[in-house]
Amino acid sequence: MKRLPKSATKPKTFDGYLESLSEDQRAALEKLRKAIRAAAPKAEECISYGIPAFRLNGKFLVGLGAAATHCSFYPGSTVQAYVRELKGYQTSKGTVRFPASKPLPAALVRKIVKTRIANGGFA
């Protein structure tokens, strides 16, 4: 059996990425997508570094993704301002990891995205 080149398996669109996920991961990331859209209606969807992301004024705003055991939200350094609200979720410098069964609250996602935009920290 002939294997496809690795680049042929990478998603080229936001929806293409989501289609490759399990039903629960897709549902969790769709909720995240909707909350991001509500907070940043002028942001455009794209694929950046192999994951679905949003750009605003041509610059990376936030990203999201899924791994074998969790989903991720990538709002950059803005995570640090919301450590208390994110208690119960695994966080690192610029990432929030969560199980598909426990998606991030939409109101919190909107707050994080709006803070990121207000701080202009989406270079």
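# Briefing on a predicted protein chain

The model is a predicted one.

**Overall make-up**

- The protein chain contains 4 helices and 6 strands.
- Along the principal axes, the C-alpha atoms of the chain fill a box of roughly 50 × 30 × 25 Å.
- Of the 123 residues in the protein chain, 40% count as buried.
- Taking contacts between residues at least 6 apart in sequence, 50% of them join residues at least 24 apart.

**Surface and charge**

- The protein chain exposes about 7400 Å², and carbon and sulfur atoms supply 53% of that area.
- There are 22 positive and 8 negative side chains in the protein chain.
- The centres of the positive set and the negative set lie 8 Å apart.

**Strands β2 and β3**

- Strand β2 covers residues 51–56 and runs antiparallel to β3, with 4 bridges joining the two.
- Within this pairing, Phe54 has Val62 in β3 as its bridge partner.
- β2 and β3 form a hairpin with 2 residues between them.
- Asn57 lies in the turn of that hairpin and has a positive phi of about 55 degrees.

- Strand β3 (residues 59–66) pairs with strand β4 (residues 71–74) in the antiparallel sense over 4 bridges.
- A hairpin through 4 residues joins β3 to β4.
- Gly65 has Ser72 in β4 as its bridge partner.
- β4 is also joined by 3 bridges to strand β6 (residues 96–98), and these two strands run antiparallel.
- Cys71 has Phe98 in β6 as its bridge partner.

**Ser72, a residue in β4**

- Ser72 is placed in strand β4.
- Ser72 has a relative accessible area of 3%, which is under the 20% limit, so Ser72 is buried.
- Leaving out residues up to four places away in sequence, Ser72 touches Leu29, Leu32, Gly63, Leu64, Gly65, Thr95, Val96, Arg97 and Phe98.
- Among these contacts of Ser72 are Gly65, its bridge partner, and Phe98, the bridge partner of Cys71.

**Lys12, a loop residue**

- Lys12 lies in the loop between α1 (6–9) and α2 (14–19).
- Lys12 has a relative accessible area of 67%, which is over the 50% limit, so Lys12 is exposed.
- Lys12 and Gly50 are 38 residues apart in sequence, while their C-alpha atoms are 8.3 Å apart in space.

Definitions and conventions. Residues numbered from 1 in each chain as written. Predicted model: local features only at pLDDT ≥ 70, side-chain atom pairs only at ≥ 80, totals over all residues. Heavy atoms only, no water. Buried < 20%, exposed > 50% of the residue type's maximum accessible area, 1.4 Å probe, protein only. Contact = heavy atoms within 4.5 Å. Areas by Shrake-Rupley, 256 points an atom, 1.4 Å probe, with all protein chains shown as cover. Lys, Arg positive; Asp, Glu negative; His and termini not counted. Charge placed at Lys NZ, Arg CZ, Asp CG, Glu CD. Pairing = 2+ DSSP bridges.
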